[in-house]
Amino acid sequence: MTTNSVVPPANEVPQPWTPPAPPADRSQLDSEELYSRTEIEALQYERLRWTLHHAYNNVPAYKELYDNHGVHPNDFKSLEDLNLFPYIDKEFLRENYPFKALAVPMEDIRRIHASSGTTGQPTVVAYTENDIELWASLVARSMRASGVKPGWKVHNAYGYGLFTGGLGAHYGAERLGCPVIPMSGGQTEKQVQMIMDFEPEVIMCTPTYLLTLADGFHKAGIDPKTTSLKVAVLGAEPWTEGMRQEIESIFDLKACDIYGLSELMGPGLAGEAVDTQDGCHIWEDHFRPEIINPITGDVLEDGESGELVLTTLTREALPIIRFRTHDLTSLSPGTARPGHRRLNRITGRSDDMIILRGVNVFPTQIEELALEIETLSPHFTLEITRPNRMDEMTIKIERRENASREAAELGGKQLLAQIKTRIGCSCKIEIAEPNTLARSSGKLRRIYDLRELN
Ligand code: DLL
């Protein structure tokens with residue numbers, strides 16, 4: 001891609017992106033990282049044209065959506081025209097479960113991940129070879145921006161498996177030229193020992209898990225400041241400046257943010273520069289962000305708070321156009337990478353998704369499982385607290401009138417086991433008597449978030 005991209009006429013079929021080979025010097029920045037805003041926008045225009053055609057021609061659900069909406073990829077003649085195309089959300093992927101939203105044949109798919117759907121049905125994410133290469137290169141870019149150097153050992157405590165955190169961080173670290181220790185989550189004592197023995201310079205995990213590890217070090221009689229860790233690349237859940245300060249004062253390291261979501265790719269969609277530590281730069285050569293009013297759907301100006309909507313510009317397997325993330329935030333101009341806008345801290349969600357120790361949970365998923373247990377009613381609340389720095393969720397659920405307390409207690413245990421296997425998180429349960437949970441105008445308030453996030 002030259003720096004003076006010439007915008008092709010709208011009737012020519014645009015070309016797909018192909019990944020460049022990794023540079024011999026892996027500490028070198030990608031040329032697109034240094035693009036000016038004008039260059040980025042010219043690139044976005046070209047790549048969006050390709051994405052719109054690719055989705056329309058290869059995914060019947062996009063064709064139907066756009067035909068019903070009276071729009072066609074040829075209507076896209078400037079970046080502002082993206083506004084002509086309707087939003088999609090998890091529901092679009094749910095309706096096309098598992099593989100109907102794929103834009104390439106299965107022979108071209110190399111990996112399949114999944115993320116929580118709003119019900120028991122997960123959201124599927126698939127990748128071609130180029131998509132995996134893109135993902136690795138953007139995680140590598142994010143890590144490099146956060147101060148990670150090729151050759152540094154990376155202790156990766158993001159969960160491996162269908163969750164995109166583990167493998168996403170893993171491939172990115174390798175792409176940057178780092179040896180990876182694929183720890184995954186849990187087993188805190190063992191993690192402490194591995195960090196002491198292998199002396200990694202980098203740790204990648206959720207911010208709350210790093211605080212749990214800090215407790216693990218203290219328990220083992222080790223001052224976390226004396227470890228080899230220099231950089232922590234933390235994400236997958238909201239965290240605050242206060243938490244950054246706490247982490248950096250417990251450990252002798254720099255803590256940087258990394259953002260992403262499975263539907264769009266996984267971690268590395270945006271990464272924070274260590275020199276400025278002022279929010280994640282969204283890698284706008286591959287993703288186009290917008291902020292919208294979550295109620296009216298109107299597109300807002302940079303600086304205004306609203307819901308983040310994202311579009312992939314180069315994804316082959318699963319092109320995602322105007323996806324409502326439900327993350328509430330705002331955009332600021334780029335600093336360390338001036339052509340790429342920054343994502344300000346996520347302040348909440350415009351839906352009821354809970355992130356519990358990095359696992360996404362929807363109340364509807366719990367409701368679905370509770371309904372399968374005949375001694376439990378569908379009347380429950382979820383109370384989220386943060387004792388000892390780790391999030392805990394307690395389900396308070398009413399027993400059915402016709403079920404004894406003992407039978408309901410047993411049902412509660414079954415529910416916890418189902419939640420553990422089907423959603424992947426551990427929580428607590430309290431059985432309540434029928435009609436005792438507070439109801440406001442007949443409707444139960446589900447979530448009581450009692451965490452103090454500061
Ligand atoms: O959490 C991907 C990821 C893994 C990102 C590892 C960073 C590190 P999902 O499981 O699909 O993907 O969850 C996506 O998590 O919409 C946000 O609500 C939240 N989230 C992710 N990163 C951050 C962050 C991964 N840095 C959802 N700050 C997103 C705040 C975050 N929230």
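Reader: Is Glu-392 buried, partly exposed or exposed?

Author: The model is a predicted one. Partly exposed residues fall between the buried limit, under 20% relative accessible area, and the exposed limit, over 50%. Glu-392 has a relative accessibility of 26% and therefore counts as partly exposed. Its place is in strand β19, residues 392-399.

Reader: Which residues does Glu-392 contact, leaving aside its neighbours within four places in sequence?

Author: Among them are Leu-356, Arg-357, Glu-383 and Lys-428. The C-alpha atoms of Glu-392 and Leu-356 are 7.3 Å apart in space, while the two residues are 36 residues apart in sequence.

Reader: How is the protein chain divided into domains?

Author: Domain 1 covers 8-349 and domain 2 covers 354-453. Taken over C-alpha atoms, their centres are separated by 31 Å. Domain 1 gives 21 residues to the contact and domain 2 gives 13 residues.

Reader: Where does Gly-268 lie, and is Gly-268 buried or exposed?

Author: Gly-268 belongs to strand β8, residues 266-272. With a relative accessible area of 0%, Gly-268 is buried. Not counting residues up to four places away in sequence, Gly-268 touches Leu-138, Val-139, Ser-142, Ile-258, Tyr-259 and Trp-283.

Reader: And what of Thr-312: buried or exposed?

Author: Thr-312 is also a buried residue, since its relative accessible area is 0%. Thr-312 is found in strand β11, residues 306-312. Beyond residues up to four places away in sequence, its contacts include Thr-51, Leu-264, His-286 and Phe-287.

Reader: How many residues has the largest nonpolar core, and which have the most contacts inside it?

Author: That core has 70 residues, and Tyr-62 and Tyr-259 have the most contacts inside it. Helix α4, residues 129-145, supplies the largest share of this core, namely eight residues. A second, separate core has 23 residues, including Ile-195, Ala-214, Ile-250 and Phe-251.

Reader: How should I read the charged pairs?

Author: Side chains of opposite charge can pair when their charged atoms come close. A search of the whole structure finds 38 salt bridges. In one of these, the side chains of Arg-141 and Glu-33 meet at 3.8 Å, N to O. Arg-141 is in helix α4 and Glu-33 in the segment before α1 (37-58), so this pair ties together parts that are 108 residues apart in sequence. Both Arg-141 and Glu-33 are buried.

Reader: Which parts does the pair of Arg-337 and Glu-33 tie together?

Author: The side chains of Arg-337 and Glu-33 form a salt bridge of 2.9 Å, N to O. Arg-337 lies in the loop between β13 (331-332) and β14 (342-343), and Glu-33 in the segment before α1, so the parts tied together are 304 residues apart in sequence. Arg-337 is buried, as is Glu-33.

Reader: What does Arg-349 form with Asp-327?

Author: Arg-349 and Asp-327 form a salt bridge, with 2.9 Å between the closest N and O atoms. Arg-349 in strand β15 (residues 348-349) and Asp-327 in strand β12 (residues 323-329) are 22 residues apart. Asp-327 is buried, its relative accessible area being 9%.

Conventions. Residues are numbered from 1 along each chain as its sequence is written. This is a predicted model: local features need pLDDT of at least 70, side-chain atom pairs count only at pLDDT 80 or more; totals for chains, interfaces and linings use all residues. Side-chain values use heavy atoms; hydrogens and water are left out. Helices (H or I, at least four residues) and strands (E, at least two) are DSSP runs, numbered from the N terminus. Buried means under 20% relative accessible area, exposed over 50%, partly exposed in between (1.4 Å probe, protein chains only). Contact means heavy atoms within 4.5 Å. A nonpolar core is a set of buried Ala, Val, Leu, Ile, Met, Phe, Trp, Tyr and Cys residues joined through side-chain atoms within 4.5 Å. Domain bounds come from an automatic or database domain assignment. A salt bridge is a side-chain nitrogen of Lys or Arg within 4 Å of a carboxyl oxygen of Asp or Glu.
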